[in-house]
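Colleague: Hello! Could you walk me through this structure step by step?
Modeller: Gladly, let us look together.

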Amino acid sequence: MPLTKEVGELLLAPKNTMKGEDVSFSAKLKSKKEKSIKLPEGHAAVRELSIKLDDYKNPDVTRTVILKIEFDGESTVWCPLGDFFGNGIGLHPFQGWYRTVSEDGIMTCRWVMPYQKTGKISIVNIGETTVNVDLKATVGKWNWDSESMYFNAAWKGQYPVATRPFSDWNYITLKGRGVYVGDALTVMNPVAKWWGEGDERIYVDGEDFPSIFGTGTEDYYAYSWGGKSNEFYEHPFHAQPRSYIFNKLNKKPKDFKGKNTSGYSTETRTRALDVMPFSSSLKLDMEVWSWTDCEMGYGVGMYWYGDKQTTSNRVPDEKEALNVPPLPKNFPNE
């Protein structure tokens with residue numbers, strides 16, 4: 001049917017069709033420096049946000065350059081660029097409905113981010129190396145009403161994470177009204193054996209037993225038998241931009257015989273028809289379950305909408321953002 005074809009083509013090649021005012025800056029950020037731009041005042045919404053760094057040779061740069069956003073005087077976003085845009089540590093292009101990471105280094109998101117009076121977007125370089133940043137935001141009209149919510153994004157990282165005893169690793173706990181819309185997980189696995197058996201457990205509105213009790217981290221991110229079929233993939237609402245040394249620009253050869261389950265792996269899931277609304281609370285835990293007793297690295301960006309009063313247990317953590325999990329010894333050069 002024509003409509004089915006049109007929707008399919010749009011999902012595979014999304015674009016912002018909303019008119020608005022463009023605000024932008026280009027900045028050279030030395031270590032520990034920050035650059036901000038104010039958004040047009042009044043009822044409005046960010047319709048598209050694009051950021052490009054001048055150099056991705058050091059993959060840590062997408063972890064040590066931070067995106068901050070404030071709406072109506074409240075901090076709603078604090079997240080490393082790679083975790084916000086879903087490509088993890090380094091530049092790993094992929095195409096999704098809400099985000100596009102291009103081969104030329106432009107990272108774009110299309111989440112609608114409304115506000116009532118004021119907005120400010122900032123880039124902070126917490127790393128040691130100077131970076132050049134180009135930022136552009138398209139801001140359009142928005143009619144704020146009782147159903148409107150603020151867009152939020154936060155980050156949690158930890159290294160090392162012990163795989164024994166088995167445990168639940170809390171992504172986030174939210175208090176108040178809101179809608180959870182996605183996350184991006186980057187893991188560093190120091191061994192060849194598979195790490196993705198852990199189940200997600202999602203508790204909504206204070207329930208004792210989780211509404212969602214999954215069958216594995218691999219299944220949460222929309223693929224199974226991950227230890228055997230682990231490789232780059234991209235779809236409108238889920239993707240694996242990186243697995244081992246492979247990504248969109250360096251796909252796994254058909255004759256590859258080795259293990260590609262060690263090193264960095266990034267998977268992301270965003271939610272449209274399967275959003276998770278909550279009226280008083282939401283708690284998302286991911287079980288740490290590896291076939292090997294070892295120490296892994298975890299980093300996750302989370303995205304949700306919430307009222308101004310809605311709170312989370314995530315706070316800015318520069319120390320952990322700088323604690324980039326080291327790759328295993330003798331790991332192949334990228």
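**Salt bridges, a sheet and cavities**

Colleague: Which residue forms a salt bridge with Lys120?
Modeller: A salt bridge here is a side-chain nitrogen of Lys or Arg within 4 Å of a carboxyl oxygen of Asp or Glu. For Lys120, the closest N and O atoms of the pair are 4.0 Å apart. The partner is Glu70.

Colleague: Why does this pair tie together parts that are apart in sequence, and by how many residues?
Modeller: Strands are DSSP runs of E with at least two residues, numbered from the N terminus. Lys120 sits in strand S10 (residues 119-125) and Glu70 in strand S4 (residues 65-71), so the pair joins parts whose separation in sequence is 50 residues.

Colleague: Before we go on, what kind of model is this?
Modeller: It is a predicted model, in which local features need pLDDT of at least 70, side-chain atom pairs count only at pLDDT 80 or more, and totals for chains, interfaces and linings use all residues. Residues are numbered from 1 along each chain as its sequence is written, and side-chain values use heavy atoms, with hydrogens and water left out.

Colleague: Which residue is the bridge partner of Tyr203 in S22?
Modeller: Strand S15 (residues 200-204) and strand S22 (residues 281-288) pair in the antiparallel sense over 5 bridges; two strands pair if DSSP finds at least two bridges between them. In S22, the partner of Tyr203 is Lys283.

Colleague: Which strands stand at the edges of the open sheet of 5 strands?
Modeller: Strands of a sheet pair through backbone hydrogen bonds, either parallel or antiparallel. In this open sheet the pairing is antiparallel, and the order is S16-S15-S22-S13-S24. Two strands have a single partner strand each, so one side of each is left without a neighbour in the sheet: S16 (212-213) and S24 (311-312).

Colleague: How many salt bridges does a search of the whole structure find?
Modeller: Another of these pairs is Glu234 with Lys248, whose closest N and O atoms are 3.2 Å apart. Glu234 is partly exposed at 26%, and Lys248 is partly exposed at 28%. The search of the whole structure finds 12.

Colleague: Which strand gives the most to the lining of the largest cavity?
Modeller: A cavity is a set of points on a 1 Å grid over the protein atoms alone where a 1.4 Å probe fits but cannot get out, and lining residues have an atom within 4 Å of a point. The largest cavity holds about 50 Å³ of space, and its lining has 13 residues, with Phe94, Arg99, Pro236, His238 and Thr270 nearest its centre. With 3 residues, the strand that gives the most is S20.

Colleague: And which strand gives the most to the lining of the second largest cavity?
Modeller: About 40 Å³ of space lies in that cavity. Its lining includes Arg63, Trp155 and Tyr298. Strand S12 (150-162) and strand S23 (295-306) each supply at least two lining residues. The one that gives the most, with 4 residues, is S12.

Methods
Buried means under 20% relative accessible area, exposed over 50%, partly exposed in between (1.4 Å probe, protein chains only). On a 1 Å grid over the protein atoms alone, a cavity is a set of points where a 1.4 Å probe fits but cannot get out, and a pocket is an open set with protein on both sides within 12 Å along at least five of seven lines; lining residues have an atom within 4 Å of a point. Grid points are joined across faces, edges and corners, and a volume is the space filled by probe spheres set on the points.
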